[in-house]
Amino acid sequence: MSAAKRALPVTRREDFAEWYQAVIDAADMAEASGVRGCMIKPWGYKIWERIQRRLDDDIKATGHDNCYSPIFIPIELIQKEASHVEGFAKEMAIVTHHRLETQDGKLVPAAPLESPLVVRPTSEATITPALKRWIHSYRDLPVKINQWANVVRWELRPRLFLRTSEFLWQEGHTVHATAEEAMEETRTMLNVYRSLVEDFMAIPVVPGVKSPGERFPGAVETHTIEAMMQDGRALQSGTSHYLGQNFARAAEIEFVDRDGQLKIAHTTSWGFSTRLIGATIMVHADDDGLRLPPRLTPYQVVIVPIMRGEAQRGDVVAACEALARSLRAQSYADEPIRAFVDLRAENSTTKRWNWLKKGVPLVCEIGPRDLQGGQVAVHCRLDICARGVAQNLAEFITGIPQVLGNFQTTMWNRRADIATK
Amino acid sequence: MTVDDVTSLDAVRRYFSEKTGFVRAKWSGNPASEDLLKEFGATIRCIPYEQSGTAGRCVLTGESATTDAIFAKAYEGAPRNGSTNAQTPPGSKTVFWIYPRIFLSVLCRGPSTP
């Protein structure tokens with residue numbers, strides 16, 4: 001077959017932006033929903049859930065508790081932090097009514113609100129006053145909370161995952177007695193992000209501190225991890241802010257310290273969003289579709305039964321399910337292997353391509369002939385070739401942790417020495 | 001990760017006109033100088049934790065400087081290239097490209113062909 005033929009209608013070199021969209025379509029990850037925001041489809045959401053689960057564990061392991069704050073911000077609350085508001089004012093959604101009425105057969109908003117509500121672009125404006133209510137003395141500190149939420153920033157030029165008017169993220173907010181402790185928190189959380197992006201997602205980053213011109217509005221220091229995309233452009237991939245006493249002073253978060261003095265607290269905030277799914281695409285995908293590192297991917301092995309006629313159907317399906325069970329009994333990176341048997345009524349070649357374009361590391365095929373030979377045909381997503389590699393079934397099962405480990409390392413190495421164009 | 005070192009404004013200009021990626025260079029920290037990078041469509045991405053500790057001249061201002069900074073073109077806000085909402089109708093162009101591939105791959109199928 002010709003080496004030039006690729007599964008996507010457009011290559012990275014031809015048009016990076018079109019290619020990015022083609023990867024999302026081919027992997028069936030998300031779509032523009034027809035209204036503001038994007039519809040994250042099951043495969044895109046599964047990837048987010050993998051990120052979310054690992055990050056949530058790390059957030060809890062570093063001593064934070066999850067909570068939830070309201071989506072609506074009273075306009076007078078958001079006005080409190082002038083420089084902060086300035087950064088977001090041009091992209092805010094505002095709720096002005098709370099009822100619909102029918103007039104001349106059309107629905108129109110009725111019952112205007114006395115004071116409009118902003119749909120949160122971030123939650124400092126609601127969380128900071130809550131923190132003030134909870135904190136009175138040094139005994140109440142530190143407060144370390146996190147929330148998983150959706151936020152809205154009205155984008156004029158949206159792009160799936162990278163910039164959408166509504167997106168999902170986590171935002172951490174902490175309050176400390178001293179600047180040193182808050183600085184340490186800022187660095188700790190940047191390291192949590194760095195480990196997630198490098199070790200889990202196999203994306204190399206440069207960690208550092210933002211220059212004043214690139215700092216989060218209202219922060220004293222913004223720490224960042226910067227990743228390089230395949231088109232040679234950088235993507236800010238996670239930020240952790242030391243806010244000093246700026247926000248605490250505006251919200252009057254004061255506490256009585258050990259020495260009996262009333263002091264202003266030091267705060268931090270840090271966030272990580274679905275944007276990193278976009279980074280995963282722009283770093284790892286190729287002209288055949290998405291590629292997912294084994295630690296991140298929702299499924300590490302997908303098993304496709306090959307069936308001609310009904311006669312051997314039962315045996316083939318049973319063999320596929322037995323393989324999935326054997327794989328799940330093994331573990332890689334402290335988790336059971338994630339194996340999935342695709343029993344859809346679709347032809348096997350279509351199924352195989354579906355999963356390769358979704359970025360699954362290994363796609364296995366088992367047909368009647370394999371049953372006799374104790375074999376499995378394995379397609380590796382690192383470098384797609386037309387033929388599956390025939391492997392002894394028992395050896396494939398015992399070798400799977402090693403194979404996935406090598407796969408993760410190879411993806412990392414290829415990105416770590418990514419050539420700049 | 002490849003990071004290219006540059007030591008003059010000319011080299012920065014040459015770099016971003018020929019290619020893109022991470023550039024490491026000395027920076028004085030002078031906030032006004034950040035705007036100079038706009039000419040190349042680049043920004044200061046960060047002052048990396050990992051510093052060389054060497055002394056040199058700021059590539060933007062010529063002042064003496066010890067701080068390394070990382071410059072790059074970046075995804076800020078909505079990406080500017082290409083159409084932002086281009087939705088390929090599912091299966092239109094894709095089918096055209098994939099079918100020959102499926103056809104060929106069936107012909108060359110490995111040992112599991114029944």
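Domain bounds here come from an automatic or database domain assignment, and the structure shown in these views is a predicted model.

**View 1. The two assigned domains of chain A and the contact between them.** The assignment divides chain A into domain 1, covering 16–284, and domain 2, covering 301–416, and the C-alpha centres of domain 1 of chain A and domain 2 of chain A are 38 Å apart. Eight residues from domain 1 of chain A and eight residues from domain 2 of chain A make up the contact. On the side of domain 1 of chain A that touches domain 2 of chain A, helix H1 (16–27) and helix H8 (275–284) of chain A are the elements that give two or more residues, and by class that side holds seven nonpolar residues, one polar residue and no charged residues.

View 2. A:Leu190 belongs to helix H6 (residues 179–200) of chain A and counts as buried because 24 other C-beta atoms lie within 10 Å, where the cut-off for a buried residue is 20 or more. Leaving aside residues up to four places away in sequence, A:Leu190 touches A:Pro207, A:His223, A:Ile225 and A:Ser240. A:Leu356, which is 166 residues from A:Leu190 along the chain, has its C-alpha atom 33 Å from that of A:Leu190.

**View 3. The open sheet of three strands in chain A.** The strands follow the order E4-E6-E5 (chain A) with antiparallel pairing, and strand E4 (72–74) and strand E5 (93–103) of chain A are the edge strands, each pairing on one side only. Neighbouring strands of this sheet are turned against each other by 45 degrees on average, with direction ignored. E4(A) and strand E6 (residues 106–119) of chain A run antiparallel and are joined by three bridges; A:Phe72 has A:Val119 as its bridge partner in E6(A).

Technical notes
Residues numbered from 1 in each chain as written. Chains lettered and ligands numbered in written order. Predicted model: local features only at pLDDT ≥ 70, side-chain atom pairs only at ≥ 80, totals over all residues. Contact = placed C-beta atoms within 7 Å. Helix = DSSP H or I, 4+ residues; strand = E, 2+ residues; numbered from the N terminus. Nonpolar A, V, L, I, M, F, W, Y, C, P; charged D, E, K, R; others polar. Buried ≥ 20, exposed ≤ 12 C-beta atoms within 10 Å, placed from the backbone. Pairing = 2+ DSSP bridges. Axes fitted to C-alpha atoms, helices over the stretch in contact; angles between N-to-C directions.
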